[in-house]
Amino acid sequence: MKHLLLSVLFCCLATAFGVPIEVVRWCVTSAPEKQKCDALAEKTKCDTWSNKTNNNVACQTNQTVDGCFQRIMRQEADAMSVDGGQVYTAGKCGLIPAMVEQYNQSLCSSSPNAQANYFAVAVVKKGSGVTWANLRGKRSCHTGVGKTAGWNIPMGLVHNRTGSCNFTAFFPSGCAPGSEPSSTFCQQCAGRGSGVENGSKCSASSAEKYYGYDGAFRCLVEDAGDVAFIKHTIVTENSDGNGPPWAAALNSSDYELICPGDVGSAEISDFASCNLAAVPSHAVVTRPDARDRVVTTLLDQQSKFGTDGSDPSFRLYQSDGGKNLLFKDSTKCLQEVPSQTTADAFLGPGYVNAVKSLRQCPETASDLERTCST
């Protein structure tokens, strides 16, 4: 308590004497994220007693990622980490990528975002008989509408294959959080799993238990779907003794990848040769005017609380109250995206062209993206 009072006193004195105290307002979309963000904020609050810089974090909350984007645009918040599909939307609204999550420790000392990517894969239960060739008519599990591995890449491939925007004719039932409640893509969603209608079903947030990478895999595990579109690491992160209680008894050998075309299937470990696409890593987005402040603050916090940080009392890339809070738990470091890099330049022409092709189907863009694009 004494240390906290002294810290607050220093803040007042620092402000009075013009000592710059940078504050980055991080936007979160769930209670567990808010709890982790508040813990980080407390750690960064005017912590100058160990000769540390005054790069502080504060926390803002909204129910959805698009809502956070709007807060950032209105200068009510400054930053958040999102997936590539959401980076695309952010770019349409004038936001830019400032830092990128790197999942390979050996690349943390390399040039910024040179190889910061992961693989989008399609996972099925081994022995189910589901292949890419007979995927039509199956139930699908998606991380969320507009998200990279769970929606943009697989649905882009479906669109290229069929030439049709009527995705419900291809997948007659599924769970794609963020869909309209009346959509068949909400039929397999479970909300909080309580059986009580409370508005959580099909929500594009952690209120829907099948939301996100882990949620889409759980959708497959619990037989709510026949195929899950996820990141290549998710099965191993939630099986063989890893992951939350619902995954405790899972074996990775009971699942397999299906490959586009006539390639067939492959073991979970063969993601480099059997995948839907290599896609850009999650990135921290912000306003251009806040970019330098966000980068400076995050680099400072990473030096303290990153994988090799100097302060072991808190870890940026570990989530004790959930999974993938603030950043992906598989993050090894954050790398600076070169200044003036646009969202399209960060994502690359291959990914941007895939999304543009998908956007020929108007319902694939969020309301915010459509507003920003007009």
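A: This is a predicted model, so confidence comes before any detail. In the protein chain, strand β6 (residues 139-142) has the highest confidence, at 98, and helix α1 (residues 2-16) the lowest, at a mean of 42. Residues 1-19 have a pLDDT below 50, and this stretch makes 16 contacts in the model beyond near neighbours in sequence. Residues 48-52 are also below 50, with 9 such contacts. Where pLDDT is low, the predicted coordinates should not be read in detail. For the chain as a whole, the average pLDDT is 88, and 89% of the residues score at least 70.

Now the rings. A search of the whole structure gives 12 aromatic pairs. One of them joins F170 and F171, edge-to-face, at 4.9 Å centre to centre and 85 degrees between the planes. F170 counts as buried because its relative accessibility is 2%, under the 20% cut-off. F171 is buried too, with a relative accessible area of 0%. Another pair, F305 and F314, is edge-to-face as well: the centres are 5.6 Å apart, with 85 degrees between the planes. Both of these residues, F305 and F314, are buried.

There is also an aromatic cluster, made up of W26, Y317 and F327.

Charge comes in at K231. Its charged end sits over the ring of Y103, 3.8 Å from the ring centre. The charged end of K231 also sits over the ring of Y118, 5.5 Å from that centre.

Note on methods. Residues numbered from 1 in each chain as written. Predicted model: local features only at pLDDT ≥ 70, side-chain atom pairs only at ≥ 80, totals over all residues. Heavy atoms only, no water. Phe/Tyr/Trp six-rings, centres within 6.5 Å; stacked < 30°, edge-to-face > 60°. Buried < 20%, exposed > 50% of the residue type's maximum accessible area, 1.4 Å probe, protein only. Lys NZ or Arg CZ within 6 Å of the ring centre and 35° of its normal. pLDDT = per-residue confidence, 0-100. Helix = DSSP H or I, 4+ residues; strand = E, 2+ residues; numbered from the N terminus. Contact = heavy atoms within 4.5 Å.
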